[in-house]
Amino acid sequence: MQSLTRPFGQLHVQIDGPNTAPTVVFANSLGTDLRLWDQVLPLLPQGLRFARYDKRGHGLSDLGGGNQIDDHAEDAIALIEALNCGPVVFVGLSIGGLIGQRLASKRPDLLRGLVLSNTAARLGTAESWQARIEAVQSQGLEALAEGVMQRWFAPAFLAKPELALWRNMLLRTPPEGYIAAARALAGADQTTAAAKLALPCLVIAGAQDGASPPDLVQATAALISGAEYQLLPDAGHLPCVETPQAWAAVVSPFLQRHCHD
């Protein structure tokens, strides 16, 4: 177990792989922690260094005070610089993808490539996020859990016993951390910035994703010059959990091409 000291406290980090290898950094979604990537790491090309971290207010990381996507991007910048591992390939899912887009805009020198999974240049509206924040403030995360599971997972996964584990992960997210990240999402609009990105980019959608529908994801891919778009037909919002083999099969060639550039 490792941590990175930030102005707000500690950011929980996990590193797998050789210290001298090219590095891939992973940023997870709202309401999950770095265990999101457990199933796919063994399926990705070996000989790489994989760095995962819990966003502020999630998992084992301290809460932090920032409510902007810029604050999360600064955490990613600090991690890459502290590990002395740049340039990296950055993999972000959902809010993690918005963090990656902001990182690419602020510090393109730190990136070899960008994998945007189940995300978009803008997710939801300020009004929809405010309604969700108010529901958590008044009723707790339990009030959202059923709807979130329906948006996260395809019907086949909803029938599996493992669903309970992901529901528990959501419910054990500190409400303050969830609300802070939701506020960041409410103000996060990378539409103009995405159109200016000039780096290798892979964009992945799940055909059964209720949180970031595939047409929204594909529209973001169309903004980014030269971006590759892949649709996973059997996946919802978390394909690295639902269909890890299919997700890894799409991501692995991208890593093989760009981790050694």
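1. Glu81 is partly exposed, with a relative accessible area of 44%, where buried means under 20% relative accessible area, exposed over 50% and partly exposed in between, computed with a 1.4 Å probe on protein chains only. Its partner Arg107 forms a salt bridge with Glu81, with the closest N and O atoms 2.9 Å apart, a salt bridge being a side-chain nitrogen of Lys or Arg within 4 Å of a carboxyl oxygen of Asp or Glu. Because Glu81 lies in helix α1 (residues 69-83) and Arg107 in the loop between α2 (95-106) and β6 (111-117), the pair ties together parts that are 26 residues apart in sequence. Arg107 is likewise partly exposed, at a relative accessible area of 25%.

2. On provenance, this is a predicted model, in which local features need pLDDT of at least 70 and side-chain atom pairs count only at pLDDT 80 or more, whereas totals for chains, interfaces and linings use all residues. Residues are numbered from 1 along each chain as its sequence is written, and side-chain values use heavy atoms, with hydrogens and water left out.

3. The structure holds 12 salt bridges, and one of them joins the side chains of Asp38 and Arg52 at 2.7 Å, N to O. This pair links distant parts of the chain, with Asp38 in the loop between β3 (23-27) and β4 (49-53) and Arg52 in strand β4, 14 residues apart; helices (H or I, at least four residues) and strands (E, at least two) are DSSP runs numbered from the N terminus. Asp38 is partly exposed at 41% relative accessible area, whereas Arg52 counts as buried at 3%.

4. A further salt bridge is found between the side chains of Glu142 and Arg167 (2.6 Å, N to O). It connects helix α4 (residues 142-152), which holds Glu142, with helix α6 (residues 163-171), which holds Arg167, across 25 residues. Glu142 counts as partly exposed at 47% relative accessibility, as does Arg167 at 25%.

5. Asp70, Glu74, Arg102 and Lys106 are linked in a network of salt bridges.

6. Leaving aside neighbours within four places in sequence, Trp247 is in contact (heavy atoms within 4.5 Å) with residues including Phe26, Trp37, Leu44, Ile204 and Leu232.
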